[in-house]
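These are my notebook entries on a single structure, kept in the order in which I looked things up. The sequence and the model come first, and my entries follow.

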Amino acid sequence: MEITQIRYFLEVANSLHITSSAQKLHIAQPALSQAIHRLEKELGVSLIQKEGRNIVLTEYGTFLKERLEPIMEKLDEIPELLRIMSKLGNETIHLSVLAATPLVTDAVIAFKKDHPEISFQFLQYEQNELYDIEITTKMFYQNVDERRQFVCGEKIYLAVPGDSTKFMGKNSIALKDVADEEFISLLGSRQLRNICDKFCKYAGFAPNVIFESESSNTVKDMIAAGFGVGFWPEISWGEIDKSKIKLLEITDPVCYRDIVVTCKYNKADNSHVEEFFQFLKLYFEDRINR
């Protein structure tokens, strides 16, 4: 069955009048009759029959009408739904946030103050190709496509409880010197965790992680409460309460990562995506220069 045949049949099935149906469909009456006959031949059953000067549906015609009408209603909705999706798609920015979640969240809040009409959808902590902008992290990054990427580098510090007497008077530390400390960390699946585990491995030990969480805020709170030490990204985790947490610069190895922001231009209208991409670039740069 072809869609045109189905439309012709449903029009006749509703009007029960070949001539008026042909006029409404803007085709010749013989052409409409032939289309219905071809459909009947294809299906192997009669769909309409004459009763005097009128036509009526056969039981097969009634069955086919009842089954096809909901399907055609759905088909007829598709163009409008696509228009709505396109409109929403251009006004919605899809973010794949694999790193620097607190910083990205702050940037979104700041951006929406001047752009309340734009919506954001977040996909966190798992690889996915369905994004407009992706924020990820690597230890070292090369071959940046400056048309659609920018890189923000940040140091990673060791965060210790602010009232710890063990680290009193220290402003820096070699990572090997905390090999016996208990660590508070992000979950092992998080990219920052993987990077920091590599730093520890380079320093000759595996961190003794006594608590891990998917929330950076929880990690901060646990360190501040004195449960252990942890790694702290210089920019993306925001400012600290110096009375509760102290940051020590790690001198060996050099602990540093790149935050990589990638923009996809995969919409009919990428103006909102491009605007937020440029905003994000300036927002990150401002945080670096503070």
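I began with Gln29, which I found in helix H3 (residues 29-43); here helices (H or I, at least four residues) and strands (E, at least two) are DSSP runs numbered from the N terminus. The model is a predicted one, in which local features need pLDDT of at least 70 and side-chain atom pairs count only at pLDDT 80 or more, while totals for chains, interfaces and linings use all residues. Residues are numbered from 1 along each chain as its sequence is written, and side-chain values use heavy atoms, with hydrogens and water left out.

Is Gln29 buried or exposed, or partly exposed? I noted a relative accessible area of 38%, so Gln29 is partly exposed, given that buried means under 20%, exposed over 50%, and partly exposed in between (1.4 Å probe, protein chains only).

Next I turned to helix H2 (residues 18-25), where I found Ile18, Ser21 and Ala22 buried. They lie on the same side of H2, because they cover an arc of only 100 degrees around the axis, the arc being that of the directions from the helix axis to the C-beta atoms. On the other side of H2, I recorded Gln23 and Lys24 as exposed.

For the strands, I looked up how E1 (residues 48-51) and E2 (residues 54-57) are joined, and found that they run antiparallel with four bridges between them; two strands pair if DSSP finds at least two bridges between them. Gln49 stands opposite Val56 of E2. The two strands form a hairpin with two residues between them, and in the turn Gly52 has a positive phi of about 70 degrees.

I then searched the whole structure for disulfides (a pair of cysteine sulfur atoms within 2.5 Å) and found zero. Cys200 counts as buried at 0% relative accessibility, and Cys255 counts as buried at 4%.

My last entry concerns helix H4 (residues 59-91), which contributes four residues, the largest share, to a nonpolar surface patch. Leu75 is found in helix H4, and at 33% relative accessibility Leu75 counts as partly exposed.
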